[in-house]
Amino acid sequence: MFKGILKDQSVQTSIGVIFILLIFGSFILPEWMSNNFMYGMSRGLAVLGLMILWRTNLVSFGHALYYGFGAYAVALCQKFFGVTDILLRLLIAVAAAGLLGFALGFILRKYREIFFAMLSLAFSMVLYGLLAKAEFLGSTDGMSISPSTFFGTELGRIALFNFIGLVVILAIIFAQAYLRSSLGHLTTAIQDNEIRVEYLGYSVEKAIHIKYVISACLAGGAGGLMAASLGQVDPDSMVLWSVSGELVFVTIMSGLGNILAPFIGAVIFEFIRTYAFEWAPQAWQMIIGGTLLAIIFFSPGGLWSLFQKLNFLRKKNNE
Amino acid sequence: MNNNFILQTKDLQKSFSGIIAAENINISVKEGEIIGIIGANGAGKTVFVNMITGYLKPTSGKIHFLGNDITGIKPREATHIGVCRSFQVSQVFMTMTVKQNLMIAMSLSKKKGGQLLLPLEDEKLSKECDKILDLYKIKKQGDLIVSTLSQGMRKLLDIAMAVVGNPKVLLLDEPTSGVSVEEKFGIMDIVISALKKSGTTVLFVEHDMEIVERYVDRVIAFYQGQVICDDTPKKALKNKKVIQYVLGS
Amino acid sequence: MQFLTTVLLDGLVYASYLFIVSLGLTITFGVMKILNVAHGSFYAWGAYLASIAIIYLGENEYNSMFYYFSIFMAAIVAGLFFGFIIERFILRKMYGEDIHLIVLATFGIFWILEDLILIVFGADPLMPYYPAMELGGLEIAGVYQGVYSLTLSGLAVVVAFICWYFLKKTKWGKLLQSVIFDREVSVSMGINVTNVYLITFIIGGMLGALGGAYVAPTISISPGFAIDVVVMSFAVVVIGGMGSVPGALIGSLMVGMIRAFAVHQAPVLELFIIYAVMAIVLIIKPQGLFAPPKPRKI
């Protein structure tokens, strides 16, 4: 599966970009900027998951379910088992979300279009309803997360930042290996023609289920890392439907064209949010909503297609 | 059921909310036979193909394949046991290239699951794929997106995708409709000779009697959901009922 | 007995305003195939406009008839103004696009209108309690209930009746149903679908705003209060069947009663149970309990 993956051009670009980012973030950039990169990269994992789903034209309006589930899994394991190791936290978040995705996948794999979106929404709101009222989980105040450790030593902010960068690189390698495989291409094929896929002897539902679990794992990992870097989990900013909407928004903003796009999109989103909040605390949602409409109208392929257009123009000028 | 036959149907019937689309269909097919299915539009040919390949579930009756009851199986199960098909309206992946289409079909047909995890653009697979595209004379179009192709080209791709699964029984639904007059014999020569070599049993729905006469061992004629003639092409095409109800003269 | 009455009354009041709001949402979806997240903005704007008017009227001790007039005016103004702008300048350019993209666009609009509220009305909560206070309360089977809340149920019945009469008995209603059933055929029959869409969206918006405006005197209005209503009315519409008017009625009654029961019996499950019902309905009957018929297309 991973044969020759490091020779893949978009994987090489991604690794390069993220390494540069890690160096800048660790040594040069001010704290608030590298924080934005850190949050952006973490949430980018969830966006990557949505992008993978979207390639089969499935849009989940409830992906915060896995994002929040991963985050709360980290919180609960700290509360009950005292787990603070960052590697364990990541594994727990991914595994918890993956298991939940596997279970719900048996139902969701039969759904398409708006029904898929609505059922995902319903599931995520079920979790929200539980968390918002569960007093032992802090209700709407949520729970705080203690700083992460790595084999016993406490992890500083910069170390966590680098850890997240490495996780992102691994996720990109894995996702690209999946997308370029026959199984990954099958998902575009499913979007084109489900009947044919069945007649080629493969179960459409199974292919979608696999994809769904991958997507859930990525979102869970994002939630786990986000919990560790924010030091806090709560239902309103991690499970509510508007969080799912935000993730879908970042997906459309990034575009489906490239494996690195979700992370660029998520980082840009963090910056827009920080700046908008700074400049116009009363109108930051308006700025984000306006950005969303502008992207839908003027660049339906997302930011990535803008990059490609720029590249194209540059090549033309050179000729 | 007789095991000498690869495919047998017994009193197959299909009705859609009371309207009968096919009934009393009793057909036995020997291994390696090439059979032409003819009939006017709406005579029940495609319904028959759809029932055999699991797209439609028969209302009553049985279908046996190699002595096993396969009535009402799912399309992908039909493919697994070796009953494959092409479609009247080509069912291909419109937004992908010709080569990607065929390579997906090829990697799904490999019995070992591992192929699915290999890159689609695998070198070995790519070479095999080129050979097949060459055989069907669509190699030049290999890198074109399917939606830009002509109907005839899509048809060929559709058939090629069905054939790469190495079926035991292949059902082709109007393989030459939409293919240009000059090309149709050339293409059918390629397809039929390849299938004969591998001993594949073929049933194809066809409107073009020239094609029927040239390639088939046996003709089955449908009229209003029933089989009205099951004979050698020479005799069938002279059959009174066939002339009246199918050939329309 | 008293418990049952409480639950029934609370559930009825809650169902009434959910019905008015969800009716707007389901009509918009039925005709235009748009899931309008910004429907919550209509609700919020209706509530804010009505609150401002009611507080002004109340402080200056106007005749109480003006309260009700201002409530309906708030609904009409909010629906007309935002409905026209949103449909004409944004949604109209998107018909035929991927349905998910349209949902996202309305989500963007929702964000924008949320902040517009903050800018126009500020962050302080408004409490336009005058009409509710004036009507007082009465005792039904030992349970005290605000009269104003009960008139809400009356309004819901009137709205339901008008809607039924319009759809079943008027030429316009039949026209609308033919657009719901099959857009392409309606176009070829010479129906001006563009106008039908615009009017539908405005009426849908007015209903959302009416729900907000009428409920305003019973609650405290602050920014962000519409966020729950969006997804709650989604639940109603999904349970009843997207695009179905009787579905919206049954859906809101179900959600209203279930919520009232949970609030009094097991407050911890209040939100959980509503969405659990939504999920279960989607699992058992994905089209909803009262799915409108679909044309067979081959």
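1. Two residues are taken to be in contact if their C-beta atoms, placed from the backbone, lie within 7 Å. On that basis, in this predicted model, 32 residues of chain C are in contact with 35 residues of chain A.

2. The largest share comes from α4(C), with 15 residues. By class, the side of chain C that touches chain A has 27 nonpolar, two polar and three charged residues.

3. The contact between chains A and B takes 19 residues from chain A and 25 residues from chain B. On the chain A side, α7 (182–192) and α8 (194–199) are the elements that give two or more residues, and α7(A) supplies the largest share, seven residues. The residues of this side divide into eight nonpolar, seven polar and four charged.

4. Within chain C, the axes of helix α2 (residues 39–59) and helix α3 (residues 65–89) come within 8 Å and cross at roughly 145 degrees. The crossing of α2(C) past α3(C) is right-handed.

5. Residues of α2(C) that make this helix contact include Phe42(C), Trp45(C), Leu49(C), Ile54(C) and Leu57(C). From α3(C), those taking part include Phe66(C), Tyr67(C), Ile71(C), Val77(C) and Phe82(C). Gly46(C) of α2(C) and Gly79(C) of α3(C) also belong to the contact. By class, the contact of α2(C) with α3(C) has 15 nonpolar, four polar and no charged residues.

Notes: Residues numbered from 1 in each chain as written. Chains lettered and ligands numbered in written order. Predicted model: local features only at pLDDT ≥ 70, side-chain atom pairs only at ≥ 80, totals over all residues. Helix = DSSP H or I, 4+ residues; strand = E, 2+ residues; numbered from the N terminus. Nonpolar A, V, L, I, M, F, W, Y, C, P; charged D, E, K, R; others polar. Axes fitted to C-alpha atoms, helices over the stretch in contact; angles between N-to-C directions. Left-handed = near helix turned anticlockwise from the far one by under 90°.
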